[in-house]
Amino acid sequence: MRTSSRPHGLRRLALAGATAAALTVTPPSGRAHADAAGVLGQPSAVTTVAPGVTRTTYPGGKHTWAAVNVLRVDPDIAPLTLRSSVGAASGAVKKVSQVLGDPSLVPRPAAGVNGSFFDDDLMNKYRLPEGDPEGVSVQQGVLLSEASGGGVLLMQHGRPYITTLKTDIAVSAGGASTEVHGINRHPGRIPWERPVSSKGNLLVGFQGDLEAKPDTQVFANDDEIVLFTPEYGIPTPGPLEGSEADSADDPGVEVVVDRGGTVRSLGRGRGGTDIPPGGKVLQGIGAGADWLTAHARVGSSLTVTEKVTDLRFGDEIPLSRSLYAVSGRLIMRQDGKSTYSGSGGDRHARTVVGVDGEGKVLLVTVDADDDRPGMDYNQLGDLLAALDATDALNIDGGGSTTLVVDGALVNKPSDGFERPVSDMVQVTWGGYGVQHRAPSGQG
């Protein structure tokens, strides 16, 4: 019997569309305010950031956190949309305030928070201006990073939907094909994956990679092919010496492909190459380098195929221009229920994106400082329940936790300064896939 994935797609759109169908034009309910006050205390300020966007600030007081900011976004009041951004280069780290405060953006986004967990060792340990997301990243339907098994915030036509994704990527040439293991990252080095099993004293990750060392979250694969897209925006990376993943320093090979799919060059060694507009670059190490050497001959045609599967419903998600995504790790709430059952973990600053029972989008930041370390997952779960969050995803936190309103940083990052990050979630003007003018005075 022939089956169709359309019912699943419609179900996903229905879930994501709750922000459009279930809204009222009233402010957040008194019950939600009362429940939040029971966990956080009384707010110190409630301000209207822009039509349809309200910011409520709760001081830390005697709690273990320094402050909590809650943005509620009601696109029924104004033509608002939710999407992500990577700035001018997906491969480079950047500050949320610099991207969202860019004077060339007209209208300026109303607000935004930091996005995906990312490989900040590239920035801190290796002094590289790079920020590989630790999971799926999608911009206008372009896949910029592969899945890691963590939770994902999908945004389509401006509507948020939280799920887990799987990515399948392959390269074909001359009738032969093989797996592409990653996108826009260092070959051999996978910054994080959800462990799914073990092999001896090593963990096996979501994509089948073995963890290099028991005391690190960095996974390794000695035989990889990694794709680089024009959105990477900076020259391709060279071998990474001293990495937790030994294979990352393999010189390997590099293939340059033009926009028509024709191989323009194949060379030993990798790094320092500009990605041609509309084209791509592939780097290979180990068996991946051997495959590219054998099949990606200069003048031949090379094709890359990509498939994204929603593991919540088991259907394929088309990579249309309306699709955006950032990655987290823990899905904290789904369908109105807590999905976290651990012991709480350590306390940190936190950033969460979710949807409440009225269909409004929630952007939540929890600040920490030297005296108040932040929230653990149990405390965060209590907060999200008090905010009446039906679905919520924990994205990058700690020193990355950032809240920007009208282009300006308004929270206090725990590092004492704003940390550059790999991507971000923004509230901007446009409505759900429909072009609108921003309200008068915005932008």
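The largest pocket in this predicted model is lined by 35 residues, and those lying nearest its centre are F117, E134, W192, Q217 and R329. Its volume comes to about 670 Å³. Sorted by class, the lining of this pocket has ten nonpolar, 13 polar and twelve charged residues.

Now for the sheet. Eight strands make up an open sheet with antiparallel pairing, in the order β1-β2-β3-β27-β26-β28-β24-β25. At its edges sit β1 (45-50) and β25 (337-338), each pairing on one side only.

On one side, β27 runs antiparallel to β3, joined by seven bridges. β27 (residues 361-367) also pairs with β26 (residues 350-356), again in the antiparallel sense, over six bridges. Some of the residue partners are these:

| Residue in β27 | Partner |
|---|---|
| V361 | V355 |
| L362 | G354 |

β26 and β27 form a hairpin with four residues between them. In that turn, G359 has a positive phi of about 90°.

What lies across β3, β24, β26, β27 and β28? That's helix α7 (residues 377-386), which runs at about 30° to β24 (331-334).

Conventions. Residues are numbered from 1 along each chain as its sequence is written. This is a predicted model: local features need pLDDT of at least 70, side-chain atom pairs count only at pLDDT 80 or more; totals for chains, interfaces and linings use all residues. Side-chain values use heavy atoms; hydrogens and water are left out. On a 1 Å grid over the protein atoms alone, a cavity is a set of points where a 1.4 Å probe fits but cannot get out, and a pocket is an open set with protein on both sides within 12 Å along at least five of seven lines; lining residues have an atom within 4 Å of a point. Grid points are joined across faces, edges and corners, and a volume is the space filled by probe spheres set on the points. Ala, Val, Leu, Ile, Met, Phe, Trp, Tyr, Cys and Pro count as nonpolar, Asp, Glu, Lys and Arg as charged, and the others, Gly among them, as polar. Two strands pair if DSSP finds at least two bridges between them. Helices (H or I, at least four residues) and strands (E, at least two) are DSSP runs, numbered from the N terminus. Contact means heavy atoms within 4.5 Å. Axes are lines fitted to C-alpha atoms, for helices over the stretch in contact, and angles run from 0 to 180 degrees between N-to-C directions.
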